[in-house]
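Morning, everyone. Please bring up the model on your screens, and I'll walk you through its pockets and its ligand.

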Amino acid sequence: MSVTASASAKTILFGEHAVVYNEPAIAIPLSNTRTYAELIPNSNGFRIISPSIHLNKTFDELIPGSGLQVLLIKIKELFDLDNLPDLTLLIHSDIPIASGLGSGAALSAAVIRAFAMYYSQTLSREKINETAYEVEKIYHGTPSGIDNTTIAYEQPIIFSKSTGFCPLEADLRQFSLLIVDSGIRSKTIEVVTAVRENISHNEPYIREIGKLVQNSVPFLQEGNREEIGRLMNENQKLLQMIDVSSPKLDDLIRMGLSHGAIGGKLTGAGRGGNILILARDEEQSKQLRSLYENSGFRVIQ
Ligand code: PMV
């Protein structure tokens, strides 16, 4: 019998890049934007098919050391398999790749969950998180772990590399956030490496971002939109200082702000990918959505 499992995208509200240097960051799962993994029994060996990226391969045809190959090796270890069974792994995803929304971690979590369903096993979220983190190292080099943690637990979190995560006790529905895809793909590993290469210049800004994240928590808890918008704008300026924004991202943010949004920043590694825009209310959020869509941009949610 076929089984299907899924995992959500995530967005970083505050603290990307600083989180690599042990500062806290805040991330939110995007439950309506997901990757789906279906396992379908067949009679001719294991095969992975992902129509959106034109992938149709056996395990042996995968690039050695690629994220997908490493994920399947981890799956074999996790479920104590000598060989992958006669199954087609069919992948569909709403999450744009290389766009700061955690597509790699979502793929890992969805595939692990699908195998657990197939073998009627209950895997803890810790185990899913741990396994997805191992695969993240392939995509990211030195991942903080924020992507896999947000996605494995699927809840808003405050995360730090050394202390792990705490659930963020705040009603985030009070914030009308739009996520807009610039359409530019950017590899996290390259942006994280560039920040590290210039760390002596970047360090003070990274520490400022850490303080800003801590300051944001009470405002998130009390639903203070004005302050959260102000902190988003401040976080974006600090991200510009460490050179992870781009003229295109800055333009997209300016477009929202000039039409009345309270705050805007990039989300994820930057230099491409998505931006976050905080609207004043739901009415304005609808207007901003039309503005971006009519200009040819995908509004993720
Ligand atoms: O995968 P992305 O693009 O969302 O980037 C994750 C956030 C970074 O802080 C840039 C990297 C990390 O490992 O935390």
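By class, how many nonpolar, polar and charged residues does the shell around the ligand have? Six are nonpolar, six are polar and three are charged. Keep in mind that this is a predicted model.

Let's stay with the ligand. In total, 15 residues surround the ligand. The closest are K10, H17, S144, D147 and T188. Now look at the elements. β1 supplies at least two residues of that shell, and so does α4.

Start at S144. An N or O atom in the S144 side chain sits 2.5 Å from an oxygen atom of the ligand. Go on to T188. Here the distance from a side-chain N or O atom to a ligand oxygen is 3.0 Å. Then H140. One of the polar side-chain atoms of H140 is 3.2 Å from an oxygen atom of the ligand. How much of the ligand does the protein bury? On its own, the ligand exposes 370 Å², and the protein buries 97% of that.

So where does the ligand sit? The ligand takes up the space of the largest pocket. That pocket has a volume of about 1100 Å³. Its lining is made of 49 residues. Nearest the centre of the largest pocket you find I97, A98, S103, G104 and Y139. By class, the lining of the largest pocket has 23 nonpolar residues, 20 polar ones and six charged ones.

Now move to the second largest pocket. Its space comes to about 420 Å³. Lining the second largest pocket are 16 residues. L172, R173, F175, L177 and Q301 lie nearest its centre. Two or more lining residues come from each of β2 (25–41), β8 (176–181) and α9 (282–294). Which element gives the most to this lining? The answer is β8, with four residues. The classes in the lining of the second largest pocket are nine nonpolar, four polar and three charged.

Methods
Residues are numbered from 1 along each chain as its sequence is written. This is a predicted model: local features need pLDDT of at least 70, side-chain atom pairs count only at pLDDT 80 or more; totals for chains, interfaces and linings use all residues. Side-chain values use heavy atoms; hydrogens and water are left out. On a 1 Å grid over the protein atoms alone, a cavity is a set of points where a 1.4 Å probe fits but cannot get out, and a pocket is an open set with protein on both sides within 12 Å along at least five of seven lines; lining residues have an atom within 4 Å of a point. Grid points are joined across faces, edges and corners, and a volume is the space filled by probe spheres set on the points. Ala, Val, Leu, Ile, Met, Phe, Trp, Tyr, Cys and Pro count as nonpolar, Asp, Glu, Lys and Arg as charged, and the others, Gly among them, as polar. A residue is near a molecule or strand if one of its heavy atoms lies within 4 Å of it. A polar contact is a pair of N or O atoms within 3.5 Å; within protein, one must be able to donate a hydrogen and the other to accept it, and residues adjacent in sequence count only if both atoms are side-chain atoms. Accessible areas come from the Shrake-Rupley method with a 1.4 Å probe; for residues, only the protein chains shown count as cover. A molecule sits in a cavity or pocket if more than half of its atoms lie within 2 Å of its grid points.
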